[in-house]
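Here are a few notes from my pass over this model. Have it open while you read.

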Amino acid sequence: MHDVTSATSVSPVSSGLLYTLRVLVLAHAVSLLVAAMFAGQALVFTDTGIVADLGVAETHVMIGMVSHLIGLLQIVAAVLYWRPGRGAGWPALASLALFVLGIAQHFLLAIGLGAHVPNGVLMFGLLALTTVWAWSPSASRRR
């Protein structure tokens, strides 16, 4: 007789892959939050306009570099979660998009804060969605 329950039950994604992805997504979110906090502290509003505190701005840039490194590791973890792990594929695309948006931040600052800030907000939104998903029970399901 054919066993139907074993054919329809699907094992969850490897806990090691999922945990690694969760930790990296959370670390990425924390690094982006800290970078944004330093960005806010770097801007000094005066009667003549906005002036940057270069010491704090440099810290903002360095934390951004750490965020890029975490983003690269997140891409690797998301691809491993997707392909060999048979998890969802969209976190790999979201991780790649976050990395590209993060690199774009360096070039957008040359254009001005009018482009740099909205791009940062877009990064926050995408990373918030990815973080909520990564820590939800649905992240452990195979696709």
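Which residues do ring pairs link into a cluster? Tyr81, Trp90 and Trp133; more on them in point 2.

1. Ground rules. This is a predicted model, so to speak of local features takes pLDDT of at least 70, side-chain atom pairs count only at pLDDT 80 or more, and totals for chains, interfaces and linings use all residues. Residues are numbered from 1 along each chain as its sequence is written, and side-chain values use heavy atoms, with hydrogens and water left out.

2. Searching the whole structure turns up two aromatic pairs. Here rings of Phe, Tyr and Trp (its six-membered ring) pair if their centres lie within 6.5 Å; planes under 30 degrees apart are stacked, over 60 edge-to-face, and the rest tilted. Tyr81 and Trp133 are edge-to-face, at 5.6 Å centre to centre with 80 degrees between the planes. Tyr81 sits in helix 3 and Trp133 in helix 5, so this pair ties together parts 52 residues apart in sequence. Helices (H or I, at least four residues) and strands (E, at least two) are DSSP runs, numbered from the N terminus. Trp90 and Trp133 are edge-to-face too, at 5.2 Å and 65 degrees. With Trp90 in helix 4 and Trp133 in helix 5, that pair ties together parts 43 residues apart in sequence.

3. Trp90, at 38%, counts as partly exposed. The cut-offs: buried is under 20% relative accessible area, exposed over 50%, partly exposed in between (1.4 Å probe, protein chains only).

4. Helix 2. Its 28 residues (15–42) should span 40 Å at 1.5 Å a residue, and the end C-alpha atoms are 40 Å apart, which agrees; the expected span is 1.5 Å times one less than the number of residues. Among its buried residues are Leu18, Leu21, His28 and Ala42. Their cover includes strand 1 (43–46), strand 2 (49–52), helix 3 (54–82), helix 4 (90–111) and helix 5 (113–134).

5. The nonpolar patch. Phe45, Ile50, Leu109, Leu113, Val117 and Val121 make a nonpolar surface patch of about 570 Å². Helix 5 gives the most to it, with three residues. Val121, in helix 5, is exposed at 55% relative accessibility.

Note on methods. Contact means heavy atoms within 4.5 Å. Patches are made of residues with over 30% relative accessible area and no salt bridge: like charges are joined within 9 Å, nonpolar side chains (Val, Leu, Ile, Met, Phe, Trp, Tyr) within 5 Å. Accessible areas come from the Shrake-Rupley method with a 1.4 Å probe; for residues, only the protein chains shown count as cover. A salt bridge is a side-chain nitrogen of Lys or Arg within 4 Å of a carboxyl oxygen of Asp or Glu.
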